[in-house]
Amino acid sequence: MAESTRRGVPEATVGRLPGYLQALSALADQGRRSVSSDELAALAGARSAQVRKDLSHLGSYGVRGVGYDVARLLEQISAELGLSQDWPVVIVGMGNLGRALAAYGGLATRGFRVVAVADRDPAVVGTTVEGMRVCRLEDFDPLTTPVAVGVITTPGDQAQAVADQLVALGVRSILSFAPGVLTVPADVDVRAVDLGTELQILAFHQHQRSLTAAEAETGVVS
């Protein structure tokens, strides 16, 4: 059974809500007022039955023959995801990825505001990235610059130390792009994005398609 959040929304549903939010935002930009579960499912890459079940966890059931009110559903999902406010973010690691994320305008439109950037390289500390002075995490003062989310873009062998520092600063939500598993207290949430792992999964599926095609051509099952 899938785990549920404190409000009773399953974690799997939470994982799909950003996709619904993105699809609904696009519909709102087009001036659409309502959307069917079938259309929302197609836009979000889900099944319509799954969409209806997911949205029922938010207390939204739509109207037969009309569908869901786009504006209202946007508000409901945004509220459920905690996006009714801006979340201050610190990015640690000012390599190419860190700098790209600092410059990424999509964070602000999704409720996340980069308020600080950090690195431990003396050649980088003190420089300016996207109008922000790069600081050392050791010198960061959460009282003057509160942060809610820490983004780690350092090499893997530095990630645990950075995570420990973020936790010590009171950060309870961490997004890590570094390979490897981070050890954090139970009240800290970590989401990991390992590009290498994702590419390996794609390679697996590509390999399976190649095997299937070879079997179909030769009649020999490997």
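How many salt bridges does a search of the whole structure find? I ran the search and got 4 salt bridges. A reminder to myself: this is a predicted model.

**Entry: Arg16 and Asp54**

I began with the salt bridge between Arg16 and Asp54, where the closest N and O atoms are 2.6 Å apart. Arg16 sits in helix H1 (residues 11–29) and Asp54 in helix H3 (residues 48–56), so this pair ties together parts that are 38 residues apart in sequence. Then I checked accessibility for both partners. Asp54 is buried, at 0% relative accessible area, whereas Arg16 is partly exposed at 26%. I used under 20% as the cut-off for buried, so Asp54 falls below it.

**Entry: Arg32 and Glu39**

Next I looked at Arg32, whose side chain meets that of Glu39 in a salt bridge of 2.7 Å, N to O. Arg32 is partly exposed, with a relative accessible area of 31%. Glu39 also comes out as partly exposed, at 28%.

**Entry: Arg172 and Asp187**

I then moved on to Arg172, which forms a salt bridge with Asp187, with 3.1 Å between the closest N and O atoms. Arg172 is in the loop between helix H7 (156–168) and strand S8 (173–176), and Asp187 is in the loop between S8 and strand S9 (189–192), so the pair ties together parts that are 15 residues apart in sequence. Both ends are partly exposed: Arg172 has a relative accessible area of 33%, and Asp187 has 48%.

**Entry: H2 against H3**

At what angle do the axes of H2 and H3 cross? I find roughly 100 degrees, with the axes of helix H2 (residues 37–44) and H3 coming within 8 Å. The two helices are therefore roughly perpendicular to each other. I listed the residues that make the contact: Ser37, Asp38, Leu40 and Ala41 from H2, and Ser48, Val51, Arg52 and Leu55 from H3. Sorted by type, the residues of this contact are 4 nonpolar, 2 polar and 2 charged.

For residues 82–181 I noted 25% helix and 25% strand, with the end C-alpha atoms 26 Å apart.

**Entry: Val181**

Val181 is in the loop between S8 and S9. Is Val181 buried or exposed? I have it down as exposed, at 78% relative accessibility. I also took the distance from Val181 to Leu55: their C-alpha atoms are separated by 32 Å, and the two residues are 126 places apart along the chain.

**Entry: Thr154**

Thr154 is buried, with a relative accessible area of 9%. Which residues does Thr154 touch, not counting those up to four places away in sequence? I wrote down Val92, Gly93, Ala159, Val162 and Ala178.

Notes:
Residues numbered from 1 in each chain as written. Predicted model: local features only at pLDDT ≥ 70, side-chain atom pairs only at ≥ 80, totals over all residues. Heavy atoms only, no water. Helix = DSSP H or I, 4+ residues; strand = E, 2+ residues; numbered from the N terminus. Buried < 20%, exposed > 50% of the residue type's maximum accessible area, 1.4 Å probe, protein only. Axes fitted to C-alpha atoms, helices over the stretch in contact; angles between N-to-C directions. Parallel < 35°, antiparallel > 145°, perpendicular 65-115°, else oblique. Contact = heavy atoms within 4.5 Å. Nonpolar A, V, L, I, M, F, W, Y, C, P; charged D, E, K, R; others polar.
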